[in-house]
Amino acid sequence: MQGLDGVTRGQQNRALGISTLAFTVCFAVWTIFSIIGVKIKQDLGLSDTEFGILVATPILTGSLSRIFLGIWTDQYGGRVVYTSVMALTAIAVWMLSTVTTYEMFLVAALGVGLAGGSFAVGIAYVSRWYDKDHQGTALGIFGMGNVGAAVTNFGAPFLLVALGWEQTAQVYAVILLITAVLFFLTTKEDPATKQRKARGEKPKSAFMQLSPLKKLQVWRFSLYYFFVFGAFVALALWLPRYYVGVYDLDIKTAGMLAAAYALPGSIFRALGGYLSDRFGARRVMYWTFVASVAICFFLSYPATDYVVQGIDGPIPFNITISLPVFVALTVALGFFMSLGKAAVYKHIPVYYPDNVGSVGGLVGMIGGLGGFILPICFGVMNDLIGVWTSCFMLLFALVGIALLWMHFAILRMEKAAVGEQLAALPELPELVQLHGPEHAGALGPESARKRGPRPEADNVSPMHPAQ
């Protein structure tokens with residue numbers, strides 16, 4: 001990657017560490033309604049649909065803002081943009097504690113949602129500190145900031161009981177503002193932005209930053225992220241309500257069990273980045289989607305009573321997922337989602353190194369919209385169908401579509417990648433099988449040494465924009 005001359009390991013670690021801390025705090029703020037929303041629902045007497053809209057509204061702002069924040073990061077650098085986002089969000093979170101009506105809660109929630117847009121800023125900022133062989137691991141570590149959802153699900157219920165939801169929001173606002181100041185004081189301009197300013201170059205226009213979004217490949221990445229991230233956020237928001245409604249738990253216990261789901265869905269993202277660097281992002285995506293299809297199938301099965309006509313008369317029995325089994329399945333689902341989140345973002349700096357902010361912003365926006373749309377769908381399906389597990393039925397269908405699209409896109413790419421075109425394929429570990437030994441040298445000895453034989457192929461290169 002260009003612009004890394006003179007960058008020390010200490011500078012890289014400092015940029016990655018403070019960015020990850022900031023994203024953790026932002027993500028905790030972004031999902032605050034998963035806990036205080038339950039109390040607000042009780043106070044205002046909201047339906048499940050209204051509750052779904054309330055907890056999803058911050059996700060809407062956080063999603064839609066990602067593409068613009070990503071572009072601004074490419075143009076002006078992540079240090080300034082990241083600090084500004086956190087400061088503005090802190091003001092909105094404090095204002096949340098002053099409203100009283102459902103409509104005003106929705107307005108305040110729109111401002112709170114800016115915290116989610118920080119992801120696009122951090123991805124672009126962190127990626128510029130690392131070369132291609134280490135970006136997957138670095139971005140995976142940064143993505144561990146998703147653990148903020150677990151922090152909220154675990155810690156916010158205790159604040160809620162001790163202080164009330166208004167003071168809980170104020171505590172979050174103060175912590176976020178302190179984080180913004182800390183980030184600005186401890187970080188430096190990323191190498192690419194610093195060199196561009198030193199040369200006196202103007203940033204690319206927003207129109208040029210958006211040009212890669214014409215490729216269908218980018219939108220396919222977005223669908224993957226709609227599930228691995230959007231569904232992750234949706235369940236982090238929805239599970240406390242699910243535990244209270246299905247298993248009749250109190251809010252503190254429900255929050256801790258929801259945190260058990262969100263925790264592996266966050267901390268193992270670094271592992272997903274490492275595995276993507278080592279084995280290939282496409283292989284990791286297959287692991288994620290196949291495992292998620294199986295888990296969502298079992299979770300979608302509703303509690304059912306059966307009566308079998310036996311020899312000596314009717315034999316009744318019941319199929320129900322017990323609480324321990326349900327918790328174990330959701331933890332496993334969160335784990336595979338964490339691998340998939342890292343694998344999706346491994347592709348972006350490789351395919352679009354000059355447009356990480358805009359492409360990463362779009363992918364993050366679509367994924368974040370999943371966190372907005374899905375909780376609303378969960379609430380509507382509860383109200384209309386009356387089956388608690390209908391949320392997992394929807395997720396089963398979604399991940400099944402993503403798996404099929406990915407698989408058939410890869411098959412088309414393999415068929416098209418013949419002859420001299422092989423040498424033009426991007427440097428992703430899982431493409432070595434297509435390159436073959438005769439092309440290994442062109443990738444460089446270090447890259448060839450790391451790759452080894454891999455059976456699968458990745459997404460198409462820019463020479464196949466229709467895939």
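**Burial, packing and a salt bridge**

Modeller: The model is a predicted one. I begin with Thr 20, which counts as buried because its relative accessibility is 12%, with the cut-off for buried set at under 20%.

Colleague: Where is the place of Thr 20, and with which residues is Thr 20 in contact, leaving aside its neighbours within four places in sequence?

Modeller: Thr 20 belongs to helix 1, which covers residues 9–30. Once neighbours within four places in sequence are set aside, the contacts of Thr 20 are Ile 141, Phe 142 and Gly 145.

Colleague: With which residues is Phe 227 in contact, leaving aside its neighbours within four places in sequence?

Modeller: Beyond four places in sequence, its contacts are Phe 232, Phe 289, Ser 292, Leu 333, Met 337, Leu 395, Leu 398 and Val 399.

Colleague: At what angle do helix 3 and helix 12 pack, and how far apart are their axes?

Modeller: Helix 3 passes helix 12 in a right-handed crossing. The contact is made by Asp 48, Phe 51, Val 55, Ile 59 and Arg 66 of helix 3, with Tyr 225, Phe 229, Val 233, Leu 237, Trp 238 and Arg 241 on helix 12. By class, this contact has 8 nonpolar, no polar and 3 charged residues. The angle is about 145°, and the axes are 11 Å apart.

Colleague: How many nonpolar, polar and charged residues are in the contact of helix 2 with helix 3?

Modeller: Helix 2 (residues 33–44) and helix 3 (residues 48–76) pack at about 145°, with axes 10 Å apart. Helix 2 contributes Phe 33, Gly 37, Val 38, Ile 40 and Lys 41, and helix 3 contributes Asp 48, Phe 51, Leu 54, Val 55 and Pro 58. By class, these divide into 7 nonpolar, 1 polar and 2 charged.

Colleague: Which side chains meet in a salt bridge, and at what N to O distance?

Modeller: The count comes to 1 salt bridge. Lys 39 is partly exposed at 33% relative accessible area, and Asp 43 is partly exposed at 45%. The side chains that meet are those of Lys 39 and Asp 43, with an N to O distance of 3.7 Å.

Technical notes. Residues numbered from 1 in each chain as written. Predicted model: local features only at pLDDT ≥ 70, side-chain atom pairs only at ≥ 80, totals over all residues. Heavy atoms only, no water. Axes fitted to C-alpha atoms, helices over the stretch in contact; angles between N-to-C directions. Helix = DSSP H or I, 4+ residues; strand = E, 2+ residues; numbered from the N terminus. Contact = heavy atoms within 4.5 Å. Nonpolar A, V, L, I, M, F, W, Y, C, P; charged D, E, K, R; others polar. Buried < 20%, exposed > 50% of the residue type's maximum accessible area, 1.4 Å probe, protein only. Left-handed = near helix turned anticlockwise from the far one by under 90°. Salt bridge = Lys/Arg side-chain N within 4 Å of Asp/Glu carboxyl O.
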